[in-house]
Amino acid sequence: MNDVQPVSWSTPLAGLLAVTGGGILLVVVAILAQDGPSRLLLGIAAAAVLAMAVLGIRQRPRLTMIPGSAPRLVVGTLTGPQEYSLDRIDRIRMVAYRRIGRKSAMLEIDVRHDDSERLLIFGRWDLGTNPHDVYDALVVNGFASVATD
């Protein structure tokens with residue numbers, strides 16, 4: 001009997017609903033605007049915010065770990081889930097980038113996708129939790145051979 005349970009991380013649904021609400025509010029404000037340039041700018045902002053919400057909802061869950069004898073990762077993308085077995089993952093590591101005067105932790109995963117290499121970067125917004133916790137879970141559950149510090 002196989003009792004291995006997948007573990008998923010994704011953008012919090014409450015956050016995506018808040019973004020959707022903000023986009024709808026921008027649509028209403030754009031409709032009520034009195035002049036053309038305001039309508040245009042507010043309409044563009046509304047479209048961008050709603051597109052971000054749709055993208056976030058479409059990519060849920062963002063990262064799924066399936067541990068076991070043949071561990072693999074499933075990454076939610078705009079075109080649908082992409083699965084990467086351990087032999088297609090080159091490296092998993094934690095990095096810190098400076099953004100707006102503070103360091104932000106990011107989880108980087110180098111994978112081979114078809115005939116090319118891809119760098120997947122996940123932050124707190126993507127994962128819904130601290131990327132260090134996700135990295136630790138990956139190391140503990142079979143991805144230690146590709147994890148680097």
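Which residues of α1 are buried? The legends below take up this question and then turn to the sheet, as seen in a predicted model.

**View 1. Helix α1, residues 13-32, along its length.** The helix has 20 residues. From its first C-alpha to its last it reaches 29 Å, close to the 28 Å expected at 1.5 Å a residue.

**View 2. The buried residues of α1.** Gly 15, Leu 16, Val 19, Gly 23 and Ala 30 are the buried residues of this helix. They lie on the same side of α1, because they cover an arc of only 100° around the axis. Their packing partners are α2 (36-58) and α3 (124-127).

**View 3. The face of α1 turned away from its buried side.** Exposed residues are found here: Ala 14, Leu 17, Ala 18, Leu 25, Ile 31 and Leu 32.

**View 4. An open sheet of four strands.** The strands follow the order β7-β6-β5-β8, and their pairing is mixed. At the edges stand β7 (116-122) and β8 (147-148). Each of these has a single partner strand, so one side of each is left without a neighbour in the sheet. In general, strands of a sheet pair through backbone hydrogen bonds, either parallel or antiparallel.

**View 5. Strand β5 beside β8.** Strand β5 covers residues 89-99 and runs parallel to β8. Two bridges join these strands. Arg 93 stands opposite Thr 148, a residue in β8.

**View 6. Helix α4 across the strands.** This helix, residues 131-143, lies across β5, β6 (102-113), β7 and β8. Helix α4 runs at about 165° to β5.

Methods
Residues numbered from 1 in each chain as written. Predicted model: local features only at pLDDT ≥ 70, side-chain atom pairs only at ≥ 80, totals over all residues. Heavy atoms only, no water. Expected span 1.5 Å × (residues − 1). Buried < 20%, exposed > 50% of the residue type's maximum accessible area, 1.4 Å probe, protein only. Arc of directions from axis to C-beta. Contact = heavy atoms within 4.5 Å. Pairing = 2+ DSSP bridges. Axes fitted to C-alpha atoms, helices over the stretch in contact; angles between N-to-C directions.
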